[in-house]
Amino acid sequence: MLQPRPPGPVRSDWHVHTHLSDGCASPEQVVEAAVALGLERLAITDHDCIAAHRAGRARAAARGRIEIVAGVEIDCLLEGGRIEILGLGFDPENEALGARLAEVQADRRRRFLFYCERLREAGEPADPEPWACGPSLALLKVHIYRALESAGRIYPGGYREFTARLEGLGAPPPVRTPEAAEAARLILQAGGRVLLAHPLYYHERPGLETLLRAAREFGCAGVEYLYPYDFGPRGWSRDAAAELFGRLDALLLELFPPEAERTQGTDVHEPGEWPARLDLLRDWARRLDRPLR
Ligand SMILES: [Zn+2]
């Protein structure tokens, strides 16, 4: 029987975050960490924010050892559900894309302040100051969680209990989240490519096949294929994930052209996590006998 080839080193990562969204490090620190890990190509894909690109590019130019590709991860709606798409290789100065993301950022900020205020009224130590004045342009619920955590308010049931608590605080000001087709169109019009982020996360809702059909229709060039699925709140057993990869392969063959893009990304939010996540990508590549890029 043929033994899978041992995968080589990981040379690119098309999915990482900085503190300009919900990551912990600056774009410069992320680029330095990427260089130290021997990466040759990197896309910084902050949530609904492309501001890291300029600083990342400048640091990369100074180091001369890594290529930075413009990236973004956009939270969007598809048939009433939520999905995330990755935009890669677009013009980071594109005005329409920048303006639409700025709307979402402003909405997120309003929602963040609303929740902090309601939590404070309920006697919880949600001080918005350090976060509202901090570097993040995309203030997410996790920032409120961190604000509470740093003030010593720990939810025994973790993040899940925290989000349930938020639901009890009334309706926040809405976030004008784009439909997937609109977000994809903005990236395409800015000269980029669109990929469906971590597709196996949606195998139940709306379902992998529905999702991939829609993704093809709204302009996805492919999917984020190798991803450290072992991590995160929705991580499953390796056997379950391997079976889902089989379904994904079959659907990609059926619905996408043979040259469809299959990227790899670690979704790292803190550079310290990076080596372990790169090991996971290598591990998945070996188990699935897929090339690393
Ligand atoms: Zn991400």
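This is a predicted model: local features need pLDDT of at least 70, side-chain atom pairs count only at pLDDT 80 or more; totals for chains, interfaces and linings use all residues.
Local features need pLDDT of at least 70, side-chain atom pairs count only at pLDDT 80 or more, and totals for chains, interfaces and linings use all residues. Residues are numbered from 1 along each chain as its sequence is written. The protein chain has 10 helices and 7 strands. Its assignment gives two parts, domain 1 and domain 2.

**Overall build**

- Helices (H or I, at least four residues) and strands (E, at least two) are DSSP runs, numbered from the N terminus.
- For 293 residues, a compact globule would have a radius of gyration near 19 Å; the protein chain has 19 Å, which agrees. The radius is taken over C-alpha atoms, and the globule rule is 2.2 Å times the number of residues to the power 0.38.
- Along the principal axes, the C-alpha atoms of the protein chain fill a box of roughly 65 × 45 × 40 Å.
- Of the 293 residues, 38% count as buried. Buried means that 20 or more other C-beta atoms lie within 10 Å of the residue's own; exposed means 12 or fewer, and partly exposed lies in between. The C-beta atoms are placed from the backbone.
- Among contacts between residues at least 6 apart in sequence, 77% join residues at least 24 apart. Two residues are in contact if their C-beta atoms, placed from the backbone, lie within 7 Å.

**Domains and annotation**

- Domain 1 takes in 12-100 + 176-288, and domain 2 spans 101-167. Such bounds come from an automatic or database domain assignment.
- The C-alpha centres of domain 1 and domain 2 lie 25 Å apart.
- At the boundary, 16 residues of domain 1 are in contact with 13 residues of domain 2. The side of domain 1 that touches domain 2 divides into 6 nonpolar, 5 polar and 5 charged residues.
- Here Ala, Val, Leu, Ile, Met, Phe, Trp, Tyr, Cys and Pro count as nonpolar, Asp, Glu, Lys and Arg as charged, and the others, Gly among them, as polar.
- An unreviewed UniProt entry carries the annotation "domain: Polymerase/histidinol phosphatase N-terminal" over residues 12-78. UniProt annotations may be inferred rather than shown by experiment.
- Over residues 12-78 the chain is 33% helix and 31% strand, with the end C-alpha atoms 29 Å apart.

**Helices α3 and α7**

- The axes of α3 (residues 95-121) and α7 (residues 180-189) come within 8 Å and cross at roughly 145°. Axes are lines fitted to C-alpha atoms, for helices over the stretch in contact; angles run from 0 to 180 degrees between N-to-C directions.
- From α3, A96, L97 and R100 meet L186, I187 and Q189 of α7. The residues of this contact divide into 4 nonpolar, 1 polar and 1 charged.

**G71 in strand β3**

- G71 is found in β3 (residues 67-78). It counts as buried because it has 28 C-beta neighbours inside 10 Å.
- Leaving aside neighbours within four places in sequence, G71 is in contact with W14, A43, I44, T45, L86, G87 and L88.
- L42 is 29 residues from G71 along the chain, and their C-alpha atoms are separated by 8.9 Å.

- D48 has a positive phi of about 50° although it is not a glycine. Its loop runs between β2 (41-44) and α2 (52-63). D48 has 26 C-beta neighbours inside 10 Å, so it counts as buried.
- D267, also not a glycine, has a positive phi of about 60°. D267 sits in the loop between β7 (261-264) and α10 (274-288). With 23 C-beta neighbours inside 10 Å, D267 counts as buried.
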